[in-house]
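Open the model in your viewer and keep the sequence panel beside it.

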Amino acid sequence: MGYPLIRTVPPLLTLDRTPECKLVYVEMADMQIGELAKRTTLTVDAIRFYEKRELLPKAIRSTGGFRLYTTGDIEQLHFIRQMHELGFSLREIRELIDLRTRKVSACESVRELLKDKLVGVRAKLHELQKLESELVADLRKCNKELKRRKRHTASACPVLEGVVTK
């Protein structure tokens with residue numbers, strides 16, 4: 001005579017979100033600063049600088065005291081570099097990083113920052129165009145003087161003399 005086989009069934013595993021169940025993505029911080037520098041083409045000093053200025057989160061430390069970074073830090077540094085290349089100051093980049101975390105609600109603020117930056121760029125362009133025309137005019141003066149020197153005795157450089165009398 002046999003005994004009935006009793007099996008215990010483990011609780012069902014489900015992907016449904018429940019209040020007591022949280023899925024947390026933890027990124028491994030396993031990259032030292034030298035590797036991070038290599039992968040971002042930044043210097044170690046630049047990375048430390050961004051960390052001091054709180055543009056990059058403070059790195060966790062290994063048991064040996066080495067800074068450890070994640071792939072998220074690589075992305076953050078690429079973002080910082082991209083914004084810097086667009087002419088944003090460190091203060092503006094910090095603001096953009098803060099806005100980046102808010103995602104949806106950040107668009108209006110980002111638009112205002114971009115509009116302000118565009119106004120500044122246009123003003124610089126105007127200044128550069130003015131500078132360009134002054135340089136072209138001075139170059140013409142030099143060329144004219146150098147042609148004159150072939151036929152006559154040399155005189156003072158008109159550009160240098162013009163600076164004194166301006």
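**Stop 1: α1 and α2**

Select α1 and helix α2 (residues 44-52): they pack at an angle of about 100 degrees, with their axes 9 Å apart. Axes here are lines fitted to C-alpha atoms, for helices over the stretch in contact, and angles run from 0 to 180 degrees between N-to-C directions. The two helices, α1 and α2, are therefore roughly perpendicular to each other. The classes are: under 35 degrees roughly parallel, over 145 roughly antiparallel, 65 to 115 roughly perpendicular, and the rest oblique.

Now show side chains. From α1, the contact uses Ile33, Gly34, Leu36, Ala37 and Thr40; from α2, Val44, Ile47 and Arg48. Contact means heavy atoms within 4.5 Å. Sorted by class, the residues of this contact of α1 with α2 are 5 nonpolar, 2 polar and 1 charged. Ala, Val, Leu, Ile, Met, Phe, Trp, Tyr, Cys and Pro count as nonpolar, Asp, Glu, Lys and Arg as charged, and the others, Gly among them, as polar.

A word on the model before moving on. It is predicted, so to speak of local features pLDDT must be at least 70, and side-chain atom pairs count only at pLDDT 80 or more, while totals for chains, interfaces and linings use all residues. Residues are numbered from 1 along each chain as its sequence is written, and side-chain values use heavy atoms, with hydrogens and water left out.

**Stop 2: α1 and α3**

The crossing of α1 past α3 is right-handed. A crossing is left-handed if the near helix is turned anticlockwise from the far one by less than a right angle, and right-handed if clockwise.

Which residues of α1 meet α3? Pick Leu36, Arg39 and Thr40 in α1. Facing them in α3 are Thr71, Asp73, Ile74, Leu77, His78 and Arg81. By class, the contact of α1 with α3 holds 3 nonpolar, 3 polar and 3 charged residues.

Stay on α1 and click glutamate 35, which is found in this helix. Glutamate 35 is partly exposed, at a relative accessible area of 34%. Buried means under 20% relative accessible area, exposed over 50%, and partly exposed in between (1.4 Å probe, protein chains only). Draw a C-alpha to C-alpha distance from glutamate 35 to leucine 68: it reads 9.8 Å, across 33 residues of sequence.

**Stop 3: two loop residues**

Go to threonine 41, in the loop between α1 and α2. Its phi is positive, about 55 degrees, although threonine 41 is not a glycine. Threonine 41 is exposed, with a relative accessible area of 59%.

Next, select glutamate 54, in the loop between α2 and β2 (60-61). Phi of glutamate 54 is also positive, near 60 degrees, in a residue other than glycine. Buried or exposed? Glutamate 54 counts as exposed, at 63% relative accessibility.

**Stop 4: α4 and α5**

Select helix α4 (residues 90-102) and helix α5 (residues 107-151). Their axes come within 10 Å and cross at roughly 155 degrees. That makes α4 roughly antiparallel to α5. The crossing of α4 and α5 is left-handed.

Show Glu92, Glu95, Leu96 and Leu99 in α4; they meet Ser109, Val110, Leu113 and Lys117 in α5. The contact of α4 with α5 has 4 nonpolar, 1 polar and 3 charged residues.

Zoom in on leucine 99, in helix α4. Leucine 99 is buried, with a relative accessible area of 3%. Setting aside neighbours within four places in sequence, leucine 99 is in contact with Ala106, Ser109, Val110 and Leu113. The C-alpha atoms of leucine 99 and serine 109 are separated by 7.6 Å, and the two residues are 10 apart along the chain.

**Stop 5: the whole chain**

Zoom out and color by secondary structure. The chain has 6 helices and 3 strands. Helices (H or I, at least four residues) and strands (E, at least two) are DSSP runs, numbered from the N terminus. From the N terminus on, the order is β-α-α-β-β-α-α-α-α.

Of the 166 residues, 22% count as buried. Among contacts between residues at least 6 apart in sequence, 46% join residues at least 24 apart.
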